[in-house]
Amino acid sequence: MTSWLLGTLLATSLLVALVLLIREPVRQRFGSRVAYGLWLIPAARLLMPTLTQTIERQVPASVPVQPLVRPVVDEPLLLTSFTPPTPGLFEQIGGWPTIFLTVWLGVAAGLFLSRIAAFFRDRRVILANGHEVGRIGSIRIVQSSEVPSPVAFGIIDRVIAVPANFERLYDERERALALDHELAHHRSGDLVANIFAFVLLCLQWFNPLAWVAHAAFRFDQEAACDARVLDKAVARDRAEYGRAIAKAASGRALLFASTLDRKHTLHRRLKSMLNTATAGKRTTGKFMILATVAVALPLTATRAVDYIDVPAPPAPVAPVAPPAPATPPAPGTPAAPLAPMAPASLSDEAGTATAPLVPTAPLAPTAPPAPLAPLAPAAPLAPMALPAPPAPPTPPARHGHTSFNVNGDNVFINGKTKRWNELTPSEKAYVRSELARARQELKNTKIDRAEIDREVREALKEAQADHADMARELAQAKVEIANAMREIDANAEELRRAGQNPEAIKAQVRASLAQVQAIDVDKIRREAMASVDPAKIAASVAQAQAQIDKAQAEIDRMEDKLDDN
């Protein structure tokens, strides 16, 4: 077991390092979906059992040993007792291997359980502060104020959560593409893969390469999901999809969920969308992954040898020839000389002839590179959504209770409409308890003006930072488009041999450049800054305070009614 664990850890680390080295070239050549499939190679190695080879070895036949007969003596024997030493506590618990195994599995279990608890806590908060707005098959669409961007989570109870300002922040086509992205995560089993990947990360918590691989795996998963969505979309949807990803960049994601995007991977995601592989290239890449798995698993498998002892057959005893009768020699006849000894004939061992080597088949010519897809321009900044002041709880007299509602001088309670003076003592006690609960909620409702001012300042700072990031991204996009034009000119002959028109590809790149140059970063910044109006914020705070005062007065009025009757 220990040898299998060590061998699997070493082999998996080597395969992970291989995937990290080749994932970007594979993405450029075969697309993001094939690059995501590379992670099947180390995952399959974890399921590879030990390959055991059985070898028979001959041992000399054992000679039966006669039992030792103890001589009988007349004198009594002096018996001495021997007590083996008692093992210490360290040996009793199994020594260093048991300690290392306990620490390893203990940390892995603690990491897994802590993150599982955090996931379910976040899920409970999201669902508690949201409401269902629709269904797509068995998948619920929930709108919640606790998510900054669309997110998919759940294996059995599958959910897609969208932010509260989803309709305002995204236009109709962007909303459809964002939902297609999250649906693709559910339908392709990405959430199950996330759980499996995190279990493997917990088991290798001490391995820095495992943490790097886990982050790369999540990025490849999102890039593959982008490719699945764009493969079904039309060409003009690329810009809309790029804007949706830019708007959804939040930097926060649930562990076992899949979000539309995060800030630190935004540029790489948009760049990976330029790599569009044909169906033939994707099929070729998939067969290459299967071939790699078939070759890598036996080469890196843990091996063991199981020896089976087989008794050697006894050597045959040569029969003894009977002695020939002696013949006396004739007198005077000299003894015949000895015949020269015939040399012993050596029998040659049969050798197996070596078969001639088969010549290696020539390599297939390299296919020309696929044309560059048009660059999706960076999306403009959305107006900053400031947190609204907390709405005060309305007393139960206006919103109604399951068995208590007030309409002027009439009270609807327990399915009957009564006047205040017709209430029974138990009904009056119930009404008083509900009013006391509403009054307590009003006391707990606080409008923190300092907190609102702080959030306004933070929103302004974020607008400044987003403006600088967008300007930098646009400059980078222009440089990459210029590089793409030079690359197309350099590979024009190969593209023509492949049946593609370099001028048409350059026209697409020029169209992308025109879209990038048409973006007015300063205008976007001014519009985002204009969305912050201190006067409107102050008016909203004052309105919320007035609602609290009105609700307090309403509770006082109903308590007066109870006291008068």
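Tutor: A disulfide is a pair of cysteine sulfur atoms within 2.5 Å. In general, a disulfide is a covalent bond between the sulfur atoms of two cysteines.

Student: How many disulfides does a search of the whole structure find?

Tutor: Zero, across the whole structure. Keep in mind that this is a predicted model: local features need pLDDT of at least 70, side-chain atom pairs count only at pLDDT 80 or more, and totals for chains, interfaces and linings use all residues. Residues are numbered from 1 along each chain as its sequence is written, and side-chain values use heavy atoms, with hydrogens and water left out.

Student: Is Cys202 buried or exposed?

Tutor: Buried means under 20% relative accessible area, exposed means over 50%, and partly exposed lies in between (1.4 Å probe, protein chains only). Cys202 has a relative accessible area of 3%, so Cys202 is buried. Cys225 is buried too, at 0%.

Student: Where is Glu222?

Tutor: Helices are DSSP runs of H or I with at least four residues, strands are runs of E with at least two, and both are numbered from the N terminus. Glu222 sits in helix H9, residues 208–232. Its relative accessible area is 8%, so Glu222 is buried.

Student: Which side chain does Glu222 join in a polar contact?

Tutor: A polar contact is a pair of N or O atoms within 3.5 Å; within protein, one must be able to donate a hydrogen and the other to accept it, and residues adjacent in sequence count only if both atoms are side-chain atoms. Here the partner of Glu222 is His185, at 3.2 Å.

Student: How many aromatic pairs does the whole structure hold?

Tutor: Rings of Phe, Tyr and Trp (its six-membered ring) pair if their centres lie within 6.5 Å; planes under 30 degrees apart count as stacked, over 60 as edge-to-face, and the rest as tilted. The search finds seven pairs. In one of them, the ring centres of Tyr36 and Phe217 are 5.7 Å apart and the planes meet at 40°, so this pair is tilted. Tyr36 is in helix H2 (residues 32–37) and Phe217 in helix H9, 181 residues apart. Both residues are buried.

Student: What pair do Trp39 and Phe217 form?

Tutor: An edge-to-face pair, with 6.3 Å between centres and 90° between planes. Trp39 lies in the loop between H2 and helix H3 (40–46), and Phe217 in helix H9, so the pair ties together parts 178 residues apart in sequence. Trp39 is buried, at 8% relative accessibility. Tyr36, Trp39 and Phe217 form one aromatic cluster.
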